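Colleague: I would like to go through the terms used for this model one by one. Please set each value against its definition.

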Amino acid sequence: MSKLVNPHGQTSLRPLLLKNKERDEEIKKAVKLKKIPMSSRELSDLLMMGMGAYTPLNGFMCEEDWKSCCLDLKTAEGLFWPIPITLSVKKSLGDSIQINEELSLVNEKGKIFGTIEVKEKYSIDKDFECRNVFNTIDTSHPGVEKVFNQGAINIGGPVKVIDEDHYPSSYKGLYFTPAETRSIFKQNGWSTVAAFQTRNPMHRSHEYLAKIAIEICDGLLIHQVLGALKKGDIPAEIRVKCIDNMVKNYFVKGSAIQAGYPIEMRYGGPKEALLHALFRQNFGCSHLIVGRDHAGIGSFYGPFDAHHIFDEIPSGSMETKALKIDITFYCYKCNGMATGKTCPHEESQRLHVSGTRFREMLVNNEEVPKEFSRPEVLEILRGFYQQENM
Ligand SMILES: [Zn+2]
């Protein structure tokens, strides 16, 4: 019998996407409301709420929750939540908004995705938020930059989601809600499931990481970021193809499932690792694979900060656990895949290929070591890079 972890907050899943008649009525109402533009990050958070990934939140946070999440990693009511989920507006627009007013939430093209009932307007100390969440106020950090670029006023209140059609149709088969992944896991008879977060195509080091998890858990969820990515990242539809081919050729049938979800990375390192584990619990995952420098960027975080933070939070904060794994690579002396924890050899024996070098190899049609990437994956990437450089 499959017995999965509970949704976060010991409750049932709370998807905020309306359905059927309720949705039709909300759409009719929304077109007449004042329109509030969302940033891509805010839209991605709204979509996460729509699908139930941010259970049990019911909307964008008010000031008490914002402050408490920054300072103590929990909402004012004491629910564990490591990064505040907020919506901002420009001051001029904020001044015209009334408390209890209903507003429609739109993307940059004016398409309506949801509505909010404003319970509070507040201005935030952006330095305070960034110091607490990102541990820096350096605007070369993309997460910090986004906070500094957001509007001067935050609005908080419950939301209703009326649309989640934001991604190209090629992603349709990937977009599984927490209720859907849970149902798949149950059908497979899985109780323990590890989530592997990725925004890259999977090379052999990632394959190894994923297989360590399969040794321990009943199954694996390869969970792709569909939200906006860093410049130079591989587009999701190419990644999906690569991963499909790797799974088909190198994994036991039925041991791994591929899915995507709409978050936009904040690159918040350890705090973001906690958030990633929290919403994986809603998807039904008992474990999150946390590799070296999970969700980090540049040298803002230590390589194991995202491991240590799971030992620092109060016990009972959430059910999903970190599966902490050191960097993985092929070692010529070990003559196999290994990790920083298991391979005793020098760096010179270990195969590391930087993203830049890898790209160069593919563009120039150079041979890539078979120990680095599977041929089925390379073929797809070669096609992509060569077309891109034409
Ligand atoms: Zn070795």
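Colleague: Why are helix α10 and helix α11 called oblique to each other?
Modeller: In this predicted model, α10 (residues 269-283) and α11 (residues 305-312) pack at an angle of about 60°, with their axes 8 Å apart. Angles under 35 degrees count as roughly parallel, over 145 as roughly antiparallel, 65 to 115 as roughly perpendicular and the rest as oblique. The two helices are therefore oblique. The axes are lines fitted to C-alpha atoms, for helices over the stretch in contact, and angles run from 0 to 180 degrees between N-to-C directions.

Colleague: Which way does α10 pass α11?
Modeller: The crossing is right-handed. That term applies if the near helix is turned clockwise from the far one by less than a right angle, and left-handed if anticlockwise.

Colleague: Which residues make that contact?
Modeller: From α10 they are Gly-269, Pro-270, Ala-273 and Leu-274, and from α11 Asp-305, Ala-306 and Ile-309. Contact here requires C-beta atoms, placed from the backbone, to lie within 7 Å. By class there are 5 nonpolar, 1 polar and 1 charged. Ala, Val, Leu, Ile, Met, Phe, Trp, Tyr, Cys and Pro count as nonpolar, Asp, Glu, Lys and Arg as charged, and the others, Gly among them, as polar.

Colleague: What makes α5 roughly antiparallel to α6?
Modeller: Their packing angle is about 160°, with the axes 10 Å apart. On the scale above, α5 is therefore roughly antiparallel to α6. The crossing of α5 past α6 is right-handed. Lys-126, Glu-129, Cys-130 and Phe-134 in α5 meet Gly-143, Val-144, Val-147 and Phe-148 in α6. That contact has 5 nonpolar, 1 polar and 2 charged residues.

Colleague: How do you know where the helices and strands begin and end?
Modeller: They are DSSP runs, numbered from the N terminus: H or I of at least four residues for helices, E of at least two for strands. Residues are numbered from 1 along each chain as its sequence is written. Local features need pLDDT of at least 70 and side-chain atom pairs count only at pLDDT 80 or more, while totals for chains, interfaces and linings use all residues.

Colleague: Why are β14 and β15 placed at the edges of their sheet?
Modeller: The open sheet has 3 strands in the order β14-β13-β15, with antiparallel pairing. β14 (336-339) and β15 (350-351) each have a single partner strand, so one side of each lacks a neighbour in the sheet. Helix α8 (residues 204-216) packs on the sheet and touches β13 and β14, its direction making about 115° with that of β13.

Colleague: What makes β13 and β14 a pair?
Modeller: Strands pair if DSSP finds at least two bridges between them. β13 (residues 328-331) and β14 have 4 bridges, in the antiparallel sense. Cys-331 stands opposite Gly-336 in β14.

Colleague: Where do the domain bounds come from?
Modeller: They come from an automatic or database domain assignment. It gives domain 1 (20-161) and domain 2 (169-261 + 267-388). Taken over C-alpha atoms, the domain centres are 29 Å apart.

Colleague: How many residues of domain 1 are in contact with domain 2?
Modeller: 18 residues of domain 1 are in contact with 21 residues of domain 2. On the domain 1 side, α2 (40-51), α5 (126-134) and α6 (142-149) are the elements giving two or more residues. α2 gives the most, with 4 residues.

Colleague: Which peptide bond is cis, and where does its proline lie?
Modeller: The bond from Thr-55 to Pro-56 is cis, with omega near 5°. Pro-56 lies in the loop between α2 and β2 (59-60).

Definitions and conventions:
Two residues are in contact if their C-beta atoms, placed from the backbone, lie within 7 Å.
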